[in-house]
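The sequence and the structure are shown first.

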Amino acid sequence: MQTLDITLVTGPSGAGKTTWIQQQIHSIADSALYLNLGADADSVDSTYLAAEVPGLKVLSITQLADFLAHPIPRAAIYLELGFHIDLTSLILPDQMADCRRVAVLSPGTRHTEWHDWADETVTGIEAEFTLQQPHFWRSALSRQVLDPASLNTFWYELTNGAYGVVQRAKGIFDMADGRSLYFDFVAGLPATPHLELNLPLWLNGRPDRFSGIEVVGEALEQETIAQTIKECCLEDHVIAYYQKQMRELVSEEVMG
């Protein structure tokens, strides 16, 4: 039976699990696969990694059984476990019994269930984890195009406590100029500029690709957050106007 190179990665939200996985994938020569357990088939993390790591194959949970039955030779697979998954009740397939278990933890983290579960711990991001009952909220925004100024205002308000205490927030948003932008926030760390993902410009109608937002916090005003995001979204005629301008600009650059 072929030995599978499988690494399960867990840890608190914002500790740097996805960043660590990205570093590991960049360091290997063979092919790599990624699956986020506890997330939807499309998620912020999987979309971000697929855009930024050339050749990475992203699996959905429904594809995992097929991969275990017919693994790709010399492929390394990284399974990220959401912080909300109960490790004590996690049942793994027999093929994953000997997988590597890694916990990504902030410096100085006291003994936790992650220590008990993991084969090894690695030092992640030094962030603030003060929530007693963290709540996970997400919203898909696929086919929505956002106004940049409104989005920046919303993100500032969100990450500065206007809608509840936020420990972690990340999102992928499509802009009227065709770009797909990645926003990332961890409480206690300096604000970081958004990142333009390595994806083609989308300049013909509403984007047919994933976009969305994920927030971990406490006492979150979910309805207000959802309504505010909705107010950032552009109508069809505005999208068409800006996309037409961008197509003309791109055409001029190609011609000139």
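Which residues of helix 3 (residues 61-69) are buried? The model considered here is predicted. Within helix 3, the buried residues are L64, F67 and L68. Viewed down the axis of helix 3, the buried residues fall within an arc of 95°, so they line one face of the helix. This arrangement can be read against a general rule: an α-helix has 3.6 residues a turn, so residues three or four places apart point the same way.

The other side of helix 3 carries T62, A65 and D66, which are exposed. What covers the buried residues of helix 3 includes three strands: strand 1 (5-10), strand 2 (32-37) and strand 4 (76-81).

The model contains seven salt bridges. One of them joins K170 to D45, with the closest N and O atoms 2.8 Å apart. This pair links distant parts of the chain, as K170 belongs to strand 9 (residues 165-175) and D45 to helix 2 (residues 44-52), 125 residues apart.

Are the two partners buried or exposed? K170 has a relative accessibility of 10% and therefore counts as buried. D45 is buried as well, because its relative accessible area is 4%. The cut-off behind both assignments is a relative accessible area under 20%.

R100 and E120 form another salt bridge, in which the closest N and O atoms are 2.8 Å apart. Here, too, distant parts of the chain are linked: R100 is in strand 5 (residues 100-105) and E120 is in strand 6 (residues 120-123), 20 residues apart.

R100, at 30% relative accessibility, counts as partly exposed. E120 is likewise partly exposed, its relative accessible area being 30%.

## Salt bridges: a loop and a strand

Which side chain meets that of R209 in a salt bridge? The partner is D174, with an N to O distance of 2.9 Å. R209 lies in the loop between strand 11 (195-196) and strand 12 (212-218), whereas D174 is in strand 9, so the pair ties together parts that are 35 residues apart in sequence.

Both partners are again on the buried side of the cut-off. R209 is buried, with a relative accessible area of 16%, and D174 counts as buried at 1% relative accessibility.

Note on methods: Residues numbered from 1 in each chain as written. Predicted model: local features only at pLDDT ≥ 70, side-chain atom pairs only at ≥ 80, totals over all residues. Heavy atoms only, no water. Buried < 20%, exposed > 50% of the residue type's maximum accessible area, 1.4 Å probe, protein only. Helix = DSSP H or I, 4+ residues; strand = E, 2+ residues; numbered from the N terminus. Arc of directions from axis to C-beta. Contact = heavy atoms within 4.5 Å. Salt bridge = Lys/Arg side-chain N within 4 Å of Asp/Glu carboxyl O.
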